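This report looks at some aromatic side chains and at one pair of helices. Please keep the sequence and the structure in view while reading.

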Amino acid sequence: MLGSAQELCLLALLVLLGLGSLGALPPPCESQIYCHGDLLHQVQMARLFKDDKHFVDMPLAAAPDQVLQRFQELAVTHNHSVPRPQLQAFLQEHFQAPGQELQPWTPEDWKDSPRFLQKISDPRLRAWAGQLHQLWKKLGKKVKPEVLHRPERFSLIYSRHPFVVPGGRFLEFYYCYGHIPNGARVYYLQRSQPPLLALMMDRYVTHTDDIAFLRDNIGTLALELDFWTQNRTISVSLGTKSYVLNRYYVPYGGPRPESYSKDAELADTLPEGSREALWAELKAGAESGWDFSSRWFVGGRDPSSLSSIRTSKFVPVDLNAFLCQAEGLMAKFYASLGNDSQAEKYRNLREQRLAAMKAVLWDEEKGAWFDYDLEHGKKTQEFYPSNLAPLWADCFSDPGVVDKALKYLEDSKILTYQYGVPTSLHKTGQQWDFPNAWAPLQDLAIRGLAKSPSPRTQEVAFRLAQNWIRTNFDVYSHTSAMYEKYDISSGGQPGGGGEYEVQEGFGWTNGVALMLLDRYGDRLSSGTPRAFLDPPCLAAALLLSLLLQ
């Protein structure tokens, strides 16, 4: 029996399956309040709130038809240009504050003193980890019943299961069911997020050994991969061979509702005929999770400008690594369920993708994978931590590539950064660029390098973990908060740039910090001097580590 969230997501999938080219692009959802229409346009362009997401997260105080009728009457009174004070009064009467549809929730399996805390040797880090563990109760939420009974009054998609939110402006869970929309809002329905549902299932089954749950839901996992196959596939020709890989691609029109005014103003800088394409590329950038980055501007008219965004024109390394990982996990799942034919199907898909990634994305000389520019027919050659995603995802066949990747990091001078691995080496003002560093990208680098059998490469992984933990700990010591991103340019600070103020919380930062404390807790220190990880320092660090062990 499908829940309402699954039904909405599957409906979105069916719409996408019938979509053709980038002609007249449909809106991201049908709501004339939350996704398109005059009310959305006037409110967002009036900039009533510091963050455009605020308005589209506000629940309605009455039925949508009634609210739209009242707004139409107000608009006619003011010649279809409602003054700011009247707009504010209208919202106060017909909307509620964001977050009213949620209530607190503590996970049932939450324990006050989990065992992993005892593995952390440094007493200050152990106390800090205990405080981070308490944050899960603050971030735990449950949707109130009225969202189920009156879904038309909310942009939030109902879920009968409780969840953990990221924090700050992100009051909804991210990544739901079916083709996995960006998040649990109706305005996110037509774009996805990096495909990690199979990995989530693997973590759950490994922890619980709940094979019955896997058997009941394996079809949902297959649905996600089918979506990417049917809607995000691209063919790359190299010489006489063609390779099938995937890209981010969201052929839906209009400004993003949660960033409406920014998208509209950016589009005003372009000819009218280029605006729908811009908005589609912005949505594709949001689908990637890297919203936004020079990664998607490279090769455009102005590689430092958001107006040059061309996300769908790249074959991304990390997306294909995630899909490769998912295909391998699906083969394992089906084998454990006794379905040999499906297991063989996914093993073959993984092998085909491995070959395609090696041919199209791997650079033997540099020792890393690179995004492929479809329009220019070449790899981008720019540094991004996503270049190491295949290591993290176990999507490589030659064990020697891990140590080659270490040399790539050394050659790129990435190991000289003491406060974390930078998101890029370009300073564009976008949040997924220098000087910001993000927890998931530290995880890609650290756990990717840790797969090497070489003690030296494993030591680099540990030193990167030490640097990142120290950054998180130092900032927390001064602010009593965890942040979604950090500025690593001159000492660890809360990050900046992009479309909104840096957010506190924060789900993935907390998760990566606790994972690293669990993995390296017997070695991590709150007072270790910062490590410049150039080769001489690495040799000394490795020798000291071996002596201590």
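F170 has a relative accessibility of 11% and so counts as buried, a word used here for under 20% relative accessible area, with exposed meaning over 50% and partly exposed in between (1.4 Å probe, protein chains only). Y174, at 24% relative accessibility, therefore counts as partly exposed. The model is predicted, so local features need pLDDT of at least 70 and side-chain atom pairs count only at pLDDT 80 or more, while totals for chains, interfaces and linings use all residues. Residues are numbered from 1 along each chain as its sequence is written, and side-chain values use heavy atoms, with hydrogens and water left out.

Rings of Phe, Tyr and Trp (its six-membered ring) pair if their centres lie within 6.5 Å, and planes under 30 degrees apart count as stacked, over 60 as edge-to-face and the rest as tilted. By this rule there are 30 aromatic pairs; one of them joins F170 and Y174 edge-to-face, at 5.6 Å centre to centre and with 85° between the planes. Ring pairs also link F170 and Y174 into a cluster whose members include W290, Y500 and W508.

A charge sits over a ring if NZ of Lys or CZ of Arg is within 6 Å of the ring centre and within 35 degrees of the ring normal, as in these cases:

| Charged residue | Ring | Distance from ring centre |
|---|---|---|
| R169 | Y500 | 4.0 Å |
| R232 | W228 | 6.0 Å |

Turning to the helices, residues in α8 including M201 and Y204 meet residues in α9 including F213 and L214, where contact means heavy atoms within 4.5 Å. By class, this contact of α8 with α9 has nine nonpolar, two polar and one charged residues, where Ala, Val, Leu, Ile, Met, Phe, Trp, Tyr, Cys and Pro count as nonpolar, Asp, Glu, Lys and Arg as charged, and the others, Gly among them, as polar.

Note on methods: Helices (H or I, at least four residues) and strands (E, at least two) are DSSP runs, numbered from the N terminus.
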